[in-house]
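Please look over the sequence and the structure below before reading on. The paragraphs that follow go through the chain part by part.

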Amino acid sequence: MDEKIFDLLIQLEDDLVLLYKKLSNISRFSNIKDVLEYMMKQSSGHSMHIGKIPASAKKPSFNTSAVLELHNKLKDQVFIDTVNESNTNKCLDGLSRAEEIIGELYQGIAKFYQKTGDYYYSIGSMIENLSQEEFAHRDALQKQKR
Ligand SMILES: [Fe+2]
């Protein structure tokens with residue numbers, strides 16, 4: 001999968017690791033050093049977790065050139081069969097079958113988009129889980145107030 005958003009999120013989390021690292025080394029913050037180090041580890045964990053998301057979900061693919069190939073073969077065959085067939089009912093059968101094949105092809109395309117939707121939905125759910133962890137980080141920081 002080549003969603004650029006993951007690279008961006010990894011970059012942001014890694015950047016937060018650096019932020020917390022820098023802050024935890026400042027003596028003024030020695031009383032909250034533990035939570036800053038905890039946040040550093042959490043961000044590092046998120047970065048690694050996000051890095052694994054692309055491999056955990058396989059993006060559906062669709063071969064558009066195969067569609068054109070199938071269409072051309074079907075069209076050429078149905079033309080030959082129709083012009084060489086003296087029985088009109090049989091011509092209609094041949095043309096009907098071609099339409100049926102096109103219908104099946106469209107069902108395949110529909111399925112592809114439905115699976116693509118499922119794929120993005122599952123990625124959305126994974127990122128939603130991360131968002132909940134960020135809220136937990138917020139709360140962990142708030143708890144340090146004295
Ligand atoms: Fe966080």
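**A walk along the chain**

Asn 25 counts as exposed, because 11 C-beta neighbours lie inside 10 Å and the cut-off for exposed is 12 or fewer. The model in which this count was made is a predicted one. Asn 25 sits in the loop between H1 and H2.

Packed helices in general are described by two quantities, the angle between the axes and the distance between the axes. Helix H1 covers residues 4-24 and helix H2 covers residues 33-56. How far apart are the axes of H1 and H2, and at what angle do the helices pack? The axes are 8 Å apart, and the angle is about 165°. An angle over 145 degrees counts as roughly antiparallel, and H1 and H2 are therefore roughly antiparallel to each other. Their crossing is left-handed. The residues in the contact of H1 with H2 comprise 13 nonpolar, 6 polar and 5 charged.

Is Ala 57 buried, exposed or partly exposed? Ala 57 is partly exposed, because 16 other C-beta atoms lie within 10 Å, a count that falls between the limit of 12 or fewer for exposed and that of 20 or more for buried. Ala 57 and Tyr 119 are 62 residues apart along the chain, yet 6.8 Å separates their C-alpha atoms.

The assignment gives domain 1 as 1-56 and domain 2 as 58-126. Taken over C-alpha atoms, the centres of domain 1 and domain 2 are 47 Å apart.

Helix H3 runs over residues 64-83 and has 20 residues. From first C-alpha to last it reaches 29 Å, close to the 28 Å expected at 1.5 Å a residue. H3 is hardly covered, with a count of 0 buried residues. Two of its residues show what this looks like locally. His 71 is in helix H3 and is partly exposed, with 14 other C-beta atoms within 10 Å. Val 78 also lies in helix H3; 17 other C-beta atoms lie within 10 Å, so Val 78 is partly exposed.

Both residues can be paired with positions further along the sequence. His 71 and Ile 101 are 30 residues apart in sequence, and 9.4 Å lies between their C-alpha atoms. For Val 78 and Gly 94, the separation is 16 residues in sequence and 6.5 Å from C-alpha to C-alpha.

What is the span of helix H4, and how many residues does H4 have? H4 takes in residues 88-142, which is 55 residues, and reaches 81 Å from its first C-alpha to its last. That is close to the 81 Å expected at 1.5 Å a residue.

Technical notes
Residues numbered from 1 in each chain as written. Predicted model: local features only at pLDDT ≥ 70, side-chain atom pairs only at ≥ 80, totals over all residues. Helix = DSSP H or I, 4+ residues; strand = E, 2+ residues; numbered from the N terminus. Expected span 1.5 Å × (residues − 1). Domains from an automatic or database assignment. Axes fitted to C-alpha atoms, helices over the stretch in contact; angles between N-to-C directions. Parallel < 35°, antiparallel > 145°, perpendicular 65-115°, else oblique. Left-handed = near helix turned anticlockwise from the far one by under 90°. Nonpolar A, V, L, I, M, F, W, Y, C, P; charged D, E, K, R; others polar.
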